[in-house]
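Me: I would like to learn how to read the features of a protein model, going one at a time. Could you take me through this one?

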Amino acid sequence: DALSADIYMTVGGDESNHYFLVAIWKFVEIIRERDYEGLQIEYEVYDGMDHYQVWVPSLLKGLEKIL
């Protein structure tokens, strides 16, 4: 019922495997639907980036959020 956590998830919009994009989106929607008290979840798609490019902006923004 309660889950005290802040989650920041990202994915590259140009992933070569479309299933990966769909799976991540479905996961985020399932977690949001459970409406855990105290849970903050942010999901971002980086258009124009693939799996090997998205980690840099994801890391920088993630660090920005916790610092």
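Me: Which residue in β2 is the bridge partner of Y8?

Reply: This is a predicted model, in which local features need pLDDT of at least 70 and side-chain atom pairs count only at pLDDT 80 or more, while totals for chains, interfaces and linings use all residues. Residues are numbered from 1 along each chain as its sequence is written, and side-chain values use heavy atoms, with hydrogens and water left out. Strands (E, at least two residues) and helices (H or I, at least four) are DSSP runs numbered from the N terminus, and two strands pair if DSSP finds at least two bridges between them. Here, the partner of Y8 is E42 in β2, and β1 (residues 2-12) runs parallel to β2 (residues 37-46), joined to it by 9 bridges.

Me: Which residues make up the largest nonpolar core?

Reply: A nonpolar core is a set of buried Ala, Val, Leu, Ile, Met, Phe, Trp, Tyr and Cys residues joined through side-chain atoms within 4.5 Å, where buried means under 20% relative accessible area and exposed means over 50%, with partly exposed in between (1.4 Å probe, protein chains only). In this protein the largest such core has 9 residues, namely M9, V11, L21, I24, V28, I31, L39, I41 and Y43.

Me: Why does L60 count as exposed?

Reply: L60, which lies in helix α2 (residues 55-66), counts as exposed because its relative accessibility is 54%. Over the whole protein of 67 residues, 24% count as buried.
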